[in-house]
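Subject: Structure for you to look through

Dear colleague,

I am handing over the structure we spoke about, and below it you will find my notes on what turned up. Please keep the structure open beside the text as you read.

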2 protein chains.
Amino acid sequence: MDDIDSPVAPAFPTNPLDPEEFRRQGHMVIDFLADYYKTIERHPVRSQVEPGYLKKLLPDSAPLNPEPIETILRDVETSIIPGLTHWSSPNYFAYFPSSNSTAGFLGEMLSTGFNVVGFNWMSSPAATELESIVMDWMAKLLKLPKAFHFSGGGGGVLQGTTCEAILCTLAAARDRKLKDIGKSGIGRLVVYGSDQTHCAMQKAAQIAGISQFRAVPTTRADNFALSPAALREAMEADVAAGLVPLFLCATVGTTSSTAVDPVGPLCEVAAEYGVWVHVDAAYAGSACICPEMRHNIDGVEGAMSFSLNAHKWFFTTLDCCCLWVKDPSLLVKSLSTSPEYLRNNATESGKVVDYKDWQIALSRRFRAMKLWMVLRSHGVTNLRNYLRTHVKLAKRFESMVAADGRFEVVVPRTFAMVCFRLKVVGGGVKKIKGSEEWTNEINRRLLEGINSTGRIYMTHAVVGGVYLIRFAVGATLTEERHVDAAWDVIKEHADVICRGGLY
Amino acid sequence: MDDIDSPVAPAFPTNPLDPEEFRRQGHMVIDFLADYYKTIERHPVRSQVEPGYLKKLLPDSAPLNPEPIETILRDVETSIIPGLTHWSSPNYFAYFPSSNSTAGFLGEMLSTGFNVVGFNWMSSPAATELESIVMDWMAKLLKLPKAFHFSGGGGGVLQGTTCEAILCTLAAARDRKLKDIGKSGIGRLVVYGSDQTHCAMQKAAQIAGISQFRAVPTTRADNFALSPAALREAMEADVAAGLVPLFLCATVGTTSSTAVDPVGPLCEVAAEYGVWVHVDAAYAGSACICPEMRHNIDGVEGAMSFSLNAHKWFFTTLDCCCLWVKDPSLLVKSLSTSPEYLRNNATESGKVVDYKDWQIALSRRFRAMKLWMVLRSHGVTNLRNYLRTHVKLAKRFESMVAADGRFEVVVPRTFAMVCFRLKVVGGGVKKIKGSEEWTNEINRRLLEGINSTGRIYMTHAVVGGVYLIRFAVGATLTEERHVDAAWDVIKEHADVICRGGLY
């Protein structure tokens, strides 16, 4: 790149935010994306590129001169799209899907278009107020106890991800405890979860300077839910060893197998030890707006905080984590800063929420806009129906698996994910090697064989030593025919493995 | 809200991501936003609403039934826009502007539209690879030493905000030091900055469990830059007291007055004490792509990490913080987690970057897309020219202030922000009360008077006991005529104050 620095500026193009140019190019990108969704099944779901592919296609330096949008979009088509894993594809069943929707997209557009930086109320009152209102709407939908609503002294805030939500609540819990036991006690604090708890918990503990994380073992007999008795045992042992139980992350819908920790009984144990309970319902929380699934968070009244990711299964696009706390003042104590340059009358009146003190960062996007648009564009009735449809599709898949003697459903399905595998002993196999390791290896090969075709994409987990394949329904475009076709793909690959005598 | 739960679902509307409905509604929102930019000067820049205004306009619960996009956009117009502070207005001169652009917006649209969750390479190779490439492009533009480029063993990552960037580097620095001095040493660690350092530093220290933050005092004689001698003194005293210097945040372009800490000499002092230096160039870093402003980060080769906010002054829309580190393995050591469900061949090959281990959260948006689009749509030459235009406009404002005997420029202007105030002693005043407090009070009234008209929006700071008004040029739509008109508004209000004998 040439670092010419002519003091005489060349003629400028139009202002970078010229409204008519914005309109022209904006329409082009809308059409580009609409066409992308329309033809998304053309692309292999999991990208087929090799590490380093893009370096070969792009120049070494930023261009000195402007390039037209047409050229850039052509490059998106030829260079970027082949390197994407298509999370919006109806044939995407991996990880937990990140549910997309027109309403969520439009909300993000408006938020990006206004581009307000809503660190405090003053900097854009609507951003703060809409967030508080929508979080109360969601709290009602979930039938969260009053203590989590603003009107009950609690309140909700939109974070980016669960990792951030856990880190913020953990810092609040830590500082409350250190006030009692003294700052030097930080080395004695212990955080609890199960061996199924999301890695966000461990990461948050690391960042917060807490080195002791107990991953209490779960068992297949308990469907990999955290046992209150085992938790009590762990806490007792820690107390006996002079340590200080601090924080428990209970999970409703674990990543590996959507296990549901028994929130109520766990809160009772935690209460005995003065432990802050956070309920991480990142994936399954959304489903709890359906009355028939609400029981999964029964007992949440005993928790101090609760979170779910609206970007996972509530149609809002990444990122949008809803966090509720019973005592916002504890968050504020740990996370607030009040520099002079942000002082303002509204804050000093005490009548407003300044969300910068409820999160890690100072700057924050206007995320409430997308949640509001999703709720209004669809209405609660339809949102419930969409969620139920996903559950129904997963049930359909589960029965197909169960009806094929070569397969087994590894843990009972609770939401819209099915954990299954090829069994070692079953019909149509030539050679039985028998060991768990061999079964795991066979399933690993089956999954990799399927994913490498690009026709569908699933991922795996290992629970209790069992390698299982996760079939997670939730991509917005998925319909019954996609689930049926996915099952056909899986069967085809199983046929090859069985015929080939690989197992 | 009625919790009806009819097991028979009513007829569904179209799929929430139906491509043709996406196209229709997407075009509507593009037109909505284009019209918003076109008529943005109609709106008071600082919102005029009172706390609680929105609760009066919106229902108490989410709607049960869907509402058409036309209704929702009408509500955005009537309920949301009056509650916005218009950061995109050409008459916005508050805080640091968050620069918007068509290219940045389109990049965000594509990123939201693809909605990939790029936690690791595997989950969407293009998201990771484009980020690494674009961060190397930016490193070149800034003439960062080779050690910060991927090819030099370092590398760049896109975070949301500076707060996150500082927290991540601080955690890495902390864990490196605790490896030497033992975990129990956490209580002895000390973090340094000046009394002008952004509150993000203090907040990051709080979250990371480090309770000692030294805000070394600055003086007007040094233009509020951190003095290396004063830093050495603070570190010496701490070491003598048995404490352990850990981390220094040096700022290039402070929030209050765009002061520039002398990076090179500060790094030399820090090196003597084995301290990690982070250079926070959140605001002014972007300007350093212009060769004539690059000297502001001279000495950065002595730092361990460097960050700037592309959403502040690089046209990418919120949020987009560029962070470079010399030793990514230190970030990874503190921030990595490797759960089984994310295991994949690419990671195990060691050939790829998994950015989840470079940041707080696991999930991450495809932010590189917008930075890439900004660089390509404008080209480096124009981007430099846009930045220079903002500096030129600030210079113009500065000369107008300097030519009016009633005002003074409080600290010399370095970038595109002017710090000024009404002087106590000057022409045209009836009553001289003389004290600094009175001068501060007069300027507070002047600023509030101006902002409450909604015609322009500026904010304040207090440095060295002086209340100053900050005139920050940087909103993308601002042209010379807006700066001139802003100066007229300021003069009008000063006239009233002077005539009224208020000072």
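Predicted model: local features only at pLDDT ≥ 70, side-chain atom pairs only at ≥ 80, totals over all residues.

In chain A, the peptide bond from Leu318(A) to Asp319(A) is cis, with omega near 0°, and Asp319(A) sits in the loop between helix H9 (310–313) and strand E7 (321–325). In chain B, the peptide bond that leads from Leu318(B) to Asp319(B) is cis, with omega near -5°, and Asp319(B) lies in the loop between helix H9 (310–313) and strand E7 (321–325) of that chain.

How are the two chains related? In general, two copies of a chain are related by a rotation about an axis and a shift along it. Here, chain B is superposed on chain A by a rotation of 180° with 0.0 Å of shift along the axis, at an RMSD of 0.0 Å, and the two copies are thus related as by a two-fold rotation axis. Among the residues of chain B, the one that comes closest to this axis is Ala208(B), whose C-alpha is at 2.3 Å. Because 100% of the interface residues of chain B are also interface residues in chain A, the copies meet through the same surface.

Next comes the largest pocket, which holds about 1,000 Å³ of space. This pocket is lined by 41 residues, and those closest to its centre are Arg174(A), Ile186(A), Gly209(A), Ile186(B) and Gly209(B). Among the elements that give two or more residues to the lining are helix H5 (162–181) and helix H10 (328–335) of chain A, as well as strand E3 (212–216) of chain B. By class, the lining has 14 nonpolar, 15 polar and twelve charged residues.

Lastly, there is a pair of helices in chain B to look at. H5(B) and H10(B) pack with their axes 8 Å apart and at an angle of about 85°; since angles of 65 to 115 degrees count as roughly perpendicular, H5(B) and H10(B) are therefore roughly perpendicular to each other. The residues that make this contact include Cys168(B) and Asp175(B) of H5(B), together with Leu330(B) and Ser334(B) of H10(B). By class, the contact has six nonpolar, two polar and two charged residues.

With best wishes

Conventions
Residues numbered from 1 in each chain as written. Chains lettered and ligands numbered in written order. Heavy atoms only, no water. 1 Å grid on protein atoms, 1.4 Å probe; cavity = no way out; pocket = protein on both sides within 12 Å on 5 of 7 lines; lining within 4 Å. Points joined across faces, edges and corners; volume = space filled by probe spheres on them. Helix = DSSP H or I, 4+ residues; strand = E, 2+ residues; numbered from the N terminus. Nonpolar A, V, L, I, M, F, W, Y, C, P; charged D, E, K, R; others polar. Axes fitted to C-alpha atoms, helices over the stretch in contact; angles between N-to-C directions. Parallel < 35°, antiparallel > 145°, perpendicular 65-115°, else oblique. Contact = heavy atoms within 4.5 Å. Least-squares fit on C-alpha atoms with pLDDT ≥ 70 in both.
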